[in-house]
Each structure stands twice: as structure tokens, then as C-alpha cells.
Amino acid sequence: MDVVEPRSASGSVPIITGKKLMLFAGRGNPVLAAEIARKLRIELGHVTLKTFSAGEVYCRYEESIRGADVFIVQPMCGNEQTGISTNDAIMELMLMVDAAHGASANRVIAVSPWFGYSRQDKKSATREPISARIIAGMLELVKTSRILTVDLHAGQVQGFFHDPIDHMTALFLLADYFRRLELDDLVVVSPDVGRVKLNHKFAESIGADLALMTKERPAQQVAKVGQIIGDVRGKTALIVNDIIDTAGTLCAAGQAVLDAGAARVYAACTHPVLSGPAFERLANASFEQIVVTDTIPLRSGAPENIVVVSCADILADTIREVFTDGSVSAVFGGENQVF
């Protein structure tokens, strides 16, 4: 750190210029947080987190964080290993941010690669809440300095924030994985019209053809696959989406692609929500591989055809740029806004 002597005669404490980065893990995904810390070559900070028998969450930092830029790694998801639910993780994040401000942190940055409630970004029927906006408002209420997140379900969720939000993408991470597989005659298949832009960018990055399928959603968490537009016959199909939840849509899409004559089918997504019957469905489906990232930790019992690639590198690089007031978009070559 640089030390500059104060000019004021009445001052006796030197002014220290310099910054301190501190990284803390919530219970949403401590394994990912530890890997980010390893990439940054720092130690995770010490914090006590627990849930009382009444269900209330508790947080206390076990070391001084005064004047530090505090980064809190907490995807808004449940974690089987740490015993918290999605809503616990969200509440824990709010308390960690508030406690950090109360302990005189310089800035408090929420690193939430999975943004909970992001699919509830609009009213799909009357008398519904816009839940993603409520979560954004909660983060601003506790004075989060900025948000780091990955592959929002809809880019316009950024509009719910007044404070800075850094929107990263795992698209190129997944594309690199499939590029290394060197699959022959690859065609990227968009599972619905709304994902065409993402899938076009993905196909372009790996030099593959593009096809798409139509889809109807008659009810929440229910989807009906329509027709496939594009040539998949005899090719290796890759279905790319941002989220796999119950996997009903994905499995139906995979079977539709095979029925249309595809030789093999793969799948890729950023966020493996994988709730309810997802594991059983994917285990019984015909996917060669389902490639996901570690924004959300997998619960036990995952099928063997699920492959996890880590987004720790892009998160660590982004944290470094935020801390040094650098360029986040430079981490992605200016291509982090894919929606």
C-alpha cells in the first residue's frame, strides 16, 4: 500500500491509499467460492452462518472488514450439502450484505451467478407479482454496491436495478468445451424462438449450423414441443439453453430431434436447477452428454451423462476487474451481452 503523510497539522494518522479485496462464501455454493478464491490466490474470509431452530438465518463476520471491498459469493439456490433452501440463500445474502455495511466495508458486491426468481420477470397472468423485480429491490434496499451475475433468463432483468450490475455469460465456456470435442456435422438447436439469439451466437462461435423448434407452454413448468425448423437429419444435434429445471422440455426436445433424424443429441446449459424428476428424466433420455456449469451445485444422485464445467475462471477474472476498476466486458472480448 502507498502511504501519504497528511498535510493537516492537526492530523496524526497517515492516510493509507490502497485497496483490500476480501471474498466470503455464503452457503449457496461454498465449493465454487473456494475455487474462485484459489484462482484469485487469496483465502476465503471467515464468517459464521447458521440457521436457528426457528428457521431464521444468522450471519457474523469473524474478522475485520473495515475499508475492504467485500465480495460475497452466493447464488440464490438451495444446497443439499449445507441444508439451505432457495429462500434461505436469498435471505442469507441480504443479511451478509447488511452486516458488511454495518462493519464499515468500503464496497459490498454480491456475486450471484444464479439469480433466483429471474424467470418471474413479467406478469404472465393477472394478479401475479413481478418477483425478479422484488429480489432486485431487496438487494438495493440493503445497499448492495453492485451485482455480478451470469446468463440472466432475460437480459431486461438488468432494468430492475439502479445500481451497477455486471452481466456475465458462460456461453463461450460451454462453446470451448464442445469445440474441443470436435463433433462431426454439428447443428445447434434452439429449444424455442426466444433462445434463437443465444443459440445463433453459440453456433457462430463453434462454426455449427443452426436449427430451431417451436414450443408452447400451456402451464407453468409444462411445455409442448412443436416442429423443428432446419436440417438435423444424420447430424449431431446440440440443444442449448440457459436453464434446465425439471428437464421435461429438454427431454421432449431431445426426442423430437432424434425423431427428426438426428444421429446423436447433446445438451448444454448454464444453470442446472434440476428440480423434481429431472435426474430420472435425464437418466432415461438419449443424451450423449448434458453439459452444465457450477453456478448451482448438483445434488447427489446426478446421472452419469451430466458433465460439469466450472465458471470459476470467468468469475475470478470479473471480480479482479471490478476490484481494480477495470473493464468487465474485456474479460469476454466485449461479447458478454448475448441476449
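Visitor: In what order do the five strands of the open sheet stand, and is the pairing parallel or antiparallel?

Guide: This is a predicted model. The order is S3-S6-S7-S8-S9, and the pairing is parallel. S3 (21-25) and S9 (165-168) are the edge strands. Each has a single partner strand, so one side of each has no neighbour in the sheet. From one strand to the next, the twist averages 20 degrees.

S3 pairs with S6 (residues 69-73) in the parallel sense, over five bridges. Take Met-22 as an example: its bridge partner in S6 is Val-70.

Helix H1 (residues 30-40) lies across S3 and S6 and runs at about 160 degrees to S3. Helix H8 (residues 312-323) lies across S3, S6, S7 (107-111), S8 (146-150) and S9. The angle between H8 and S8 is about 160 degrees.

Next, the nonpolar packing. In soluble globular proteins, nonpolar side chains tend to be buried together. Here the largest nonpolar core has 31 residues. Tyr-61, Val-70 and Phe-115 have the most contacts inside this core. Val-70 is also the bridge partner of Met-22. Elements giving two or more residues to the core include the sheet strands S3, S6 and S7. H2 gives the largest share, six residues.

Leaving aside neighbours within four places in sequence, Phe-115 is in contact with Met-76, Ala-132, Ile-135, Ala-136 and Leu-139, among others. Further contacts of Phe-115 include Thr-149, Leu-152, Val-157 and Phe-161.

Another core, of 26 residues, lies apart from the largest one. Among its members are Leu-21, Leu-32, Ile-109 and Leu-148.

Cys-59 has 14% relative accessibility and Cys-77 has 3%. The cut-off for buried is under 20%, so both count as buried. The disulfide count is zero.

Last, a loop. Asp-192 lies between strand S10 (186-190) and helix H5 (196-206). Its relative accessible area is 13%, so Asp-192 is buried. Asp-192 and Ala-253 are 61 residues apart along the chain, and their C-alpha atoms are separated by 9.6 Å.

How values were computed: Residues numbered from 1 in each chain as written. Predicted model: local features only at pLDDT ≥ 70, side-chain atom pairs only at ≥ 80, totals over all residues. Heavy atoms only, no water. Pairing = 2+ DSSP bridges. Helix = DSSP H or I, 4+ residues; strand = E, 2+ residues; numbered from the N terminus. Axes fitted to C-alpha atoms, helices over the stretch in contact; angles between N-to-C directions. Contact = heavy atoms within 4.5 Å. Core = buried A, V, L, I, M, F, W, Y, C linked by side-chain atoms within 4.5 Å. Buried < 20%, exposed > 50% of the residue type's maximum accessible area, 1.4 Å probe, protein only. Disulfide = S-S within 2.5 Å.
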